[in-house]
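Colleague: I am new to this one, and I would like to understand the words you use for it. Could you take me through them?

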Amino acid sequence: NHTRNTFYLENLKALQNILCADGYETRIGSLRPDLDHPMEIELPSAQTLTLEPLVRRGDRVGVADFFPCAVLLNNDLSSGRPTILENIEQVLLPPLDMGWVNRYKTHHFEHYTRVAHAFAELIEIDPWIITPLSIQCGPVDFKKREGLNCLAGAVNMVLEQTAEAYQRHGVDDTPFAVVKSDRGTYGMAIMSVQDPDQILNLNKKQRNKMSSGKEGLVAHQMMVQEGVYTFETLKGAVAEPVVYMIGPRVVGGFYRVHTGKSATDNLNAPGMHFEPLSFAEACALPDQQAAPDAAPNRFYAYGVVARLALVAAAREICEAKPNCPGHSQ
């Protein structure tokens with residue numbers, strides 16, 4: 001239920017407007033169990049968003065008398081696979097197998113690492129520049145203190161390999177690792193550490209926090225990932241870019257900003273706010289006359305990484321379909 005999150009609702013409306021502008025009739029169906037009639041929501045942009053109860057007839061889902069040829073799923077499925085969507089005959093994008101009840105972040109990064117390494121070889125750069133080290137560790141039970149030695153060992157491995165990369169590239173910063181649940185979103189069950197002993201010395205409150213994910217999803221499988229400093233700032237606060245794509249094209253994005261966090265903290269936390277990331281120029285090609293950190297080049301670099309991640313996600317989806325062409329890649 002995101003009806004109080006105006007950013008989310010504006011995002012939904014923008015998606016609907018884009019699809020309608022391309023000639024597709026588009027309606028928004030809701031999985032909310034308490035929604036039994038259309039709900040109109042007035043948005044800050046002065047637009048109106050209409051949510052309608054999702055219904056199923058036979059092997060098709062729709063709203064009222066509208067049963068489309070395709071269903072665009074805008075739910076991460078942390079709470080499970082909705083029965084109403086199982087085995088429908090319509091195209092479902094993305095498939096249910098990509099929900100967090102099935103999906104692991106480390107699986108995505110396995111695909112991303114292969115894609116990024118191939119790209120790095122093509123343009124002759126060190127793949128570390130665009131590839132964070134990621135290690136899966138589990139099962140872990142924070143409340144019972146089970147699996148913490150394994151987790152601390154994974155943290156130590158990530159810190160050591162990151163330190164080697166820093167030395168190789170002349171980076172004068174302290175390596176850190178991010179420990180997070182291998183499933184789920186919302187910035188839950190996540191912490192930054194600079195020493196493996198921080199894992200072994202977690203207090204009860206910290207262990208309880210690391211055990212809980214979105215929609216009550218219990219964190220057992222963990223991912224330890226190389227931490228990347230958030231060096232960008234906006235009005236004095238740390239800010240990280242989030243890139244939007246339509247197909248293979250970067251179309252914009254936003255900055256997630258947090259005034260109370262540091263360059264090593266998770267910014268997806270209470271107190272964050274969002275600022276539009278407007279591409280003043282097309283950024284389709286780098287500006288070779290400008291500095292590497294100039295806005296067109298920085299945004300271009302964001303777009304390159306986003307496109308690599310998109311290829312990785314496509315391969316991840318393909319892997320979930322046994323009959324998908326290229327399944328063995």
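Modeller: Happy to; we will go through the domains, the sheets, a helix pair and a few backbone details.

Modeller: This is a predicted model, where local features need pLDDT of at least 70 and side-chain atom pairs count only at pLDDT 80 or more, while totals for chains, interfaces and linings use all residues. Residues are numbered from 1 along each chain as its sequence is written, and side-chain values use heavy atoms, with hydrogens and water left out.

Colleague: What makes up the domain assignment of the protein chain?

Modeller: It gives domain 1 (6-97), domain 2 (133-226) and domain 3 (233-320); such bounds come from an automatic or database domain assignment. Between the C-alpha centres of domain 1 and domain 2 there are 35 Å.

Colleague: Why are helix 2 and helix 6 called oblique to each other?

Modeller: Helices here are DSSP runs of H or I with at least four residues, strands are E runs of at least two, and both are numbered from the N terminus. Axes are lines fitted to C-alpha atoms, for helices over the stretch in contact, and angles run from 0 to 180 degrees between N-to-C directions. The axes of helix 2 (residues 105-123) and helix 6 (residues 295-319) cross at roughly 130° and come within 8 Å. Angles under 35 degrees count as roughly parallel, over 145 as roughly antiparallel, 65 to 115 as roughly perpendicular, and the rest as oblique. Helix 2 and helix 6 are therefore oblique.

Colleague: Which residues of helix 2 and helix 6 meet?

Modeller: Contact means heavy atoms within 4.5 Å. On the helix 2 side, the residues include His 108, Tyr 112 and Phe 119; on the helix 6 side, they include Val 304, Leu 308 and Arg 315. By class, this contact has 11 nonpolar, two polar and three charged residues. Ala, Val, Leu, Ile, Met, Phe, Trp, Tyr, Cys and Pro count as nonpolar, Asp, Glu, Lys and Arg as charged, and the others, Gly among them, as polar.

Colleague: What makes strand 12 and strand 15 edge strands?

Modeller: Two strands pair if DSSP finds at least two bridges between them. The open sheet of four strands has the order 12-13-14-15, with antiparallel pairing. Strand 12 (233-234) and strand 15 (273-277) each pair on one side only, as edge strands. Strand 14 (residues 249-258) is joined to strand 15 by five bridges, and Phe 254 has Pro 276 as its bridge partner in strand 15. Helix 6 packs on this sheet, touching strand 13 (237-246), strand 14 and strand 15.

Colleague: How do you know that strand 2 and strand 3 pair?

Modeller: Four bridges link strand 2 and strand 3 (residues 48-53) in the antiparallel sense, and the cut-off is at least two.

Colleague: Where are Pro 94, Pro 139 and Asn 87?

Modeller: Pro 94 lies in the loop between strand 7 (91-93) and helix 2, and the peptide bond from Leu 93 to Pro 94 is cis, with omega near -10°. Pro 139 sits in the loop between strand 8 (134-137) and helix 3 (148-169); the bond joining Gly 138 and Pro 139 is cis, with omega about 0°. Asn 87 is in the loop between strand 6 (70-72) and strand 7, and has a positive phi of about 60° although it is not a glycine.
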